[in-house]
Amino acid sequence: MSSPVQSDKGRKTGRRVTPVRTGGGLSLRLDLRAVTVGVVLLVLALAASVALIGSGDYPMTPAEVLRTLTGGGDAGQQFIVQELRLPRVLVGLLVGAAFGIAGAVFQTVSRNPLGSPDVLGFGQGASVGALVVIVYFHGGTFAVAAGSVVGGVITGLAIFLLAWKRGIHGYRFVLVGIGAAAMLYAMVLYLLTKANIVEATRATTWMTGSLSGRDWSQVWPLAAVCAVLIPLALCYGRPLRMLEMGDDAAYALGVRVDRVRVVVLLAAVVLVASATAAAGPIAFVALTAPQLARRLTRSPGPNLLPAAVMGALLLVAADWSAQRLFGADQMPVGVLTGVLGGGYLIWLLVTERRAGRI
Amino acid sequence: MSRLTAENLTLAYDQRVIAENLSVAVPDRSFTVIVGPNACGKSTLLRALSRMLKPTAGRVLLDGSVISSLPAKKVARTLGLLPQSSIAPDGITVADLVARGRYPHQGVLRQWSGEDERIVREAMESTGVGQLAERYVDELSGGQRQRVWIAMALAQQTPLLLLDEPTTYLDIQHQIDVLDLCAELHEEQGRTLVAVLHDLNHAARYASHLIAMKDGRVIAEGAPSDIVTAELVEDVFGLSCQIIDDPETGTPLVIPAARKPRAGTGAAAGARTEAATARS
């Protein structure tokens with residue numbers, strides 16, 4: 001059965017995995033391709049950030065942007081960069097990273113590329129929370145953000161409870177989530193009918209997802225959440241990778257399956273809710289970033305870090321493209337990610353169908 | 001001596017009780033095989049022994065400690081399990097999958113030592129998948145894939161290895177191949193193996209210790225040549241049969257009785273019965 005003749009057929013992977021070992025007992029496996037992809041994506045994300053800072057009604061060259069960021073430039077440039085555009089870009093990077101890593105966690109736990117927060121009704125849940133605040137309490141920006149966090153977290157817990165039957169199973173999780181999304185969307189529509197025209201406009205803008213007008217008050221809370229939860233999720237990356245092989249196999253290897261799942265999912269839910277609070281439910285970044293990262297690294301496993309960097313790149317690049325194509329702040333970034341991500345979703349459904357997975 | 005024992009287990013899924021007051025001891029360095037008809041609780045017992053299923057009452061002891069009270073990774077360094085169905089992650093190579101068996105021996109800092117590398121290579125060599133190391137798991141045949149999963153369990157380097165129906169869905173030549181591999185691991189590496197098998201003849205040929213179960217109870221246990229009798233098979237499986245010596249190995253071989261002709265099934269059946277009578 002393992003004849004040498006047969007072993008010469010088929011695709012060779014050509015992956016280079018380099019062991020790294022130090023005298024102090026530290027040992028790692030470095031997948032060169034994954035590391036390279038991560039670094040390239042990071043450089044691209046930073047380049048897109050510089051481009052995004054430089055674009056707008058007062059355009060700046062990348063050199064000017066870099067000089068201003070490092071403390072140079074005149075007072076006007078300082079104001080534009082530090083107060084107006086840098087926070088926007090930082091929110092974009094953080095929101096993208098949070099969506100990317102949360103999407104990777106959800107897709108790994110549900111063992112399904114469709115099991116990502118934007119398909120499962122988290123965006124709708126956060127929208128319901130935000131709309132309740134807008135329509136019934138006429139709350140300010142901070143109150144709307146808080147409402148969306150509450151809506152997102154409640155949605156997450158409700159989906160867990162409904163999908164929980166001796167642990168979480170992929171299909172159940174996806175199906176319950178899709179049902180929840182439909183019901184929550186009905187609630188969004190109901191809330192919109194209750195709103196006056198001003199509130200309805202504000203609600204719709206919020207639901208589209210946008211980075212325009214973000215300031216430091218959105219950066220700090222999100223940065224704090226990311227600073228805690230992204231490293232936490234990364235720590236669970238190795239046991240999460242074992243979960244891919246099925247609960248029994250992971251359990252046999254000494255992974256505390258249920259604990260790992262609960263911790264990473266809670267972290268992912270809070271990341272999604274916080275990111276949504278900062279920028280609205282920007283569609284499809286959580287769905288696409290992990291898949292694209294995985295295809296680029298060609299490495300099995302959740303690819304958490306590449307997914308985070310890919311998410312950041314996608315969101316900032318989409319925002320920059322929206323500004324280039326439609327003019328400064330004419331087009332919320334959520335419209336662009338919605339169109340591109342929707343196309344990707346169709347492609348994904350077709351290929352999954354062909355592979356016999358749905 | 002037994003490192004792995006179960007004492008007075010009550011096993012149940014939700015409210016459905018599968019077994020009550022079930023006790024077994026796995027003899028050290030044995031190749032123990034559990035047999036029994038469908039739904040007799042053999043896989044459930046294996047799940048309890050491997051701590052996948054928490055018993056409603058009773059306890060499973062590993063080296064004298066209640067298994068559920070031990071740290072998960074510590075158990076995973078002593079007791080391995082080959083589950084009935086595992087999912088090979090998309091786009092994973094044989095070497096990468098086998099390497100995952102080292103997980104219980106690794107930590108955040110110690111992720112891939114020279115020892116890990118050597119053990120993974122040995123596990124692949126001893127299961128005959130060394131040449132497939134760089135291939136993708138999803139393009140292998142069923143038999144090759146099962147060998148890879150066994151290699152992963154071997155890389156875990158546990159003195160005890162539990163296998164849940166390792167031959168299911170395999171062609172006959174691959175079934176024998178996997179069982180030969182198990183026998184090799186048992187004899188040459190001195191590991192204690194516990195397997196649930198469907199085929200009584202495979203069980204009788206390969207087991208050093210056989211446990212026959214029915215309705216959640218152990219009906220008989222011991223060396224196959226001591227306990228496999230026509231009465232036992234009739235009792236456990238409801239199958240009338242003859243037991244002969246396996247011409248290859250001398251172990252008991254179960255020959256199911258020929259179909260009894262029903263009254264008036266025609267001349268052909270009658271002729272066959274006549275011929276059989278004449279022969280005996």
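Residues are numbered from 1 along each chain as its sequence is written, while chains are lettered from A and ligands numbered from 1 in the order in which they are written. Because the model is predicted, local features need pLDDT of at least 70, side-chain atom pairs count only at pLDDT 80 or more, and totals for chains, interfaces and linings use all residues; side-chain values use heavy atoms, without hydrogens and water.

**The six-stranded sheet**

Six strands of chain B form an open sheet with mixed pairing, in the order β6-β7-β8-β3-β9-β10. Strands are DSSP runs of E with at least two residues, and helices are runs of H or I with at least four, numbered from the N terminus. Two strands pair if DSSP finds at least two bridges between them. β6 (79-82) and β10 (217-222) of chain B are the edge strands, each with a single partner, so one side of each has no neighbour in the sheet. On average, neighbouring strands are turned by 15° against each other, direction ignored.

Helix α9 (residues 230-237) of chain B packs on this sheet and touches β3, β9 and β10 of chain B. Contact means heavy atoms within 4.5 Å.

**The four-stranded sheet**

Another open sheet in chain B has four strands, ordered β2-β1-β4-β5, with antiparallel pairing. Here β2 (16-26) and β5 (65-66) of chain B stand at the edges; each has a single partner strand, so one side of each lacks a neighbour in the sheet. Helix α1 (residues 42-49) of chain B packs on the sheet, touching β1, β2 and β4 (57-62) of chain B. The direction of α1 makes about 120° with that of β1(B).

| Strands | Sense | Bridges | Facing residues |
|---|---|---|---|
| β3(B) (31-35) and β9(B) (209-214) | parallel | four | B:Val35 and B:Ala212 |
| β1(B) (4-13) and β2(B) | antiparallel | seven | B:Leu4 and B:Val26 |

**The helix pair**

Two packed helices are described by the angle between their axes and the distance between the axes. Helix α4 (residues 114-126) and helix α5 (residues 142-155) of chain B pack at about 140°, with axes 8 Å apart. Axes are lines fitted to C-alpha atoms, for helices over the stretch in contact; angles run from 0 to 180 degrees between N-to-C directions. α4(B) and α5(B) are therefore oblique to each other. Angles under 35 degrees count as roughly parallel, over 145 as roughly antiparallel, 65 to 115 as roughly perpendicular and the rest as oblique.

B:Ile119, B:Val120, B:Ala123 and B:Ser126 in α4(B) meet B:Ala151, B:Leu154 and B:Ala155 in α5(B).
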